Every structure is written in structure tokens, then in C-alpha cells.
Amino acid sequence: MAEQTPIRAAFFDIDGTLLSFTEPRRVPPSALCALAQMRAAGLRLFIASGRPPIYLGEVRRALPFRFDGYVLTNGQCCTDADGAAFYNQTLPAASMPALLRWLDEHPEVVCTFCEESYIYCNRYTEAADALCRAWRFRLPRAPIEDTARALTHPTYQLNAYMPPEMDAPFMRAVPGFKAVRWNDAFADIIPADGGKPEGMARMLARFGLTAAECIAFGDGGNDIEMLRAAGVGVAMGNAAPAVKAAADYVTATVDDDGIWKAAEHFGLLG
């Protein structure tokens with residue numbers, strides 16, 4: 001049997017991985033302890049999230065730990081430990097007219113446009129808000145803007161509040177985009193050649209590391225590619241079946257010390 005490449009870095013999704021869904025939403029003490037011991041063991045520790053850069057301050061307040069870097073908007077933006085970006089990839093501008101036509105043809109779809117420092121929506125509907133509440137979060141109360149803004153302002157990601165069965169028709173109608181999901185309430189729309197593995201690769205290169213030397217933790221559909229790209233992919237016990245199937249190892253839930261148990265299993269605790 002080939003010898004396992006030593007793990008020198010770890011990437012963590014946030015919601016459902018580090019951050020509990022219980023009230024109040026928090027990072028379990030065991031996860032914070034695991035992060036501290038992994039750092040003591042010499043690992044580089046990174047966040048890999050679908051959240052856009054504008055929410056980085058909120059992320060850092062919710063996660064009381066200093067990470068070595070942040071992969072945001074599902075890989076479209078990478079920052080250092082202090083939040084300074086060193087890599088950005090926006091949605092292809094050439095596909096924006098097709099996107100706006102599609103949204104006009106589907107008035108039931110609420111779509112959030114994420115720029116580097118501004119977020120806005122195309123519309124608001126009670127149905128979309130109710131769908132979000134069913135998944136225990138709220139539809140962002142972002143300003144409603146004319147979507148023609150997207151023709152002149154670089155956009156990193158869209159959050160399209162639509163059911164999963166609309167993903168494939170959307171991607172056929174809007175070339176250059178792809179949909180990845182954390183849950184059934186909305187899809188993160190990112191460049192077709194983007195994703196968490198791309199951001200992860202940029203971050204690893206910055207520190208002289210390889211994918212084989214990293215472990216990744218996640219629970220959502222938008223984590224599947226990252227778990228497959230990492231040397232070791234860990235699915236949380238609360239992950240969807242497809243996420244667990246893509247992982248090398250399935251740990252306990254976020255609330256049942258899943259991060260600590262996986263780190264202990266792989267001998268990562270200092």
C-alpha cells in the first residue's frame with residue numbers, strides 16, 4: 001500500500017461544518033480546540049465558503065480563530081489572513097445579457113448579485129422568503145436594483161432562489177455559468193470553470209503546498225468538488241448523501257464533535 005502523503009493544510013466550509021445550525025448558532029468548543037491543536041501541529045488552516053467578500057467581517061466575528069486565508073464566493077475570491085484579496089475571478093461579462101433575459105422570463109426567481117463590496121436583488125417574493133425560512137435562514141434584505149447594473153459592474157456570484165430542477169435549464173440558457181448548491185432553497189451561480197477547488201489550488205500555491213497535502217471538510221453540494229480535489233475529503237455526519245458518497249471519510253455531525261473526531265482519526269491534533 002502506498003504511503004499516505006502527510007497532511008499539511010486543512011480547508012473548512014462554514015455553515016454545517018464549523019458553524020452549528022442550533023440556536024444560538026456557534027462553533028462547537030471541540031471544533032475550536034481541534035483548530036488550535038491542528039495549528040500547534042503545524043497545519044495551515046483555511047476557510048472555503050460560498051459567502052462573498054462583503055461578509056468577511058461577519059465571518060471573522062462568527063469564527064473566533066485566525067485562519068491563514070479565506071477562499072470566498074465558492075473559489076472566486078481568495079484573501080490572506082487579514083482579508084486582503086490576492087485572487088479574483090468574476091462571472092463572464094459576455095454571458096450577462098443572456099442571464100438578464102432568462103431572469104425576465106422567470107419572474108418567480110429571486111436572484112442576488114454579489115459584487116466585491118455590494119449586494120443587490122432583482123426582486124423580492126414572499127415565496128422565496130418562505131422557502132428560505134423553511135431552511136432556517138432568511139432571504140437577504142438587499143436593495144432591489146435594475147439588473148442592467150450587471151452589464152457594467154463585475155459580479156462574482158449569483159444566488160438564485162429556485163428549485164434544483166431549474167439548474168440544468170438555467171445552465172443551458174446561460175453559457176459560461178454553472179450552478180452549485182448548499183441546499184434546495186437556492187443555487188450559487190459561479191463561472192463554469194470556477195469552484196472551491198480552483199480557489200483551493202490558488203491558496204495552496206501561495207503557500208507552496210499541493211492538493212495531496214490537504215484535508216477538506218464540508219457538508220453541502222457546493223463542497224463535493226472540493227472534497228474530491230483534496231488529498232483527504234471529510235463529509236460531516238449532517239451532510240447530504242451525495243456529499244458523503246464523494247468523501248474519503250464521514251465523521252460525526254457538527255454538533256457531535258465531528259471536526260474533532262475527524263482530526264483525531266487522521267492524527268492531526270498537536
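Which residues line the second largest pocket? Select F21, W135, R136, W182, N183, D219, N238 and A240. A pocket here is an open set of points on a 1 Å grid over the protein atoms alone, where a 1.4 Å probe fits, with protein on both sides within 12 Å along at least five of seven lines; lining residues have an atom within 4 Å of a point. This pocket has a volume of about 190 Å³, the space filled by probe spheres set on the points, which are joined across faces, edges and corners.

Before moving on, note that this is a predicted model: local features need pLDDT of at least 70, side-chain atom pairs count only at pLDDT 80 or more, and totals for chains, interfaces and linings use all residues. Numbering starts from 1 along each chain as its sequence is written, and side-chain values use heavy atoms, without hydrogens and water.

Next, the largest pocket, with a volume of about 640 Å³. Select D15, R51, F137, W182 and F186, the closest to its centre among 28 lining residues. Then colour β8, which gives the largest share of this lining, 3 residues.

Helices (H or I, at least four residues) and strands (E, at least two) are DSSP runs, numbered from the N terminus.
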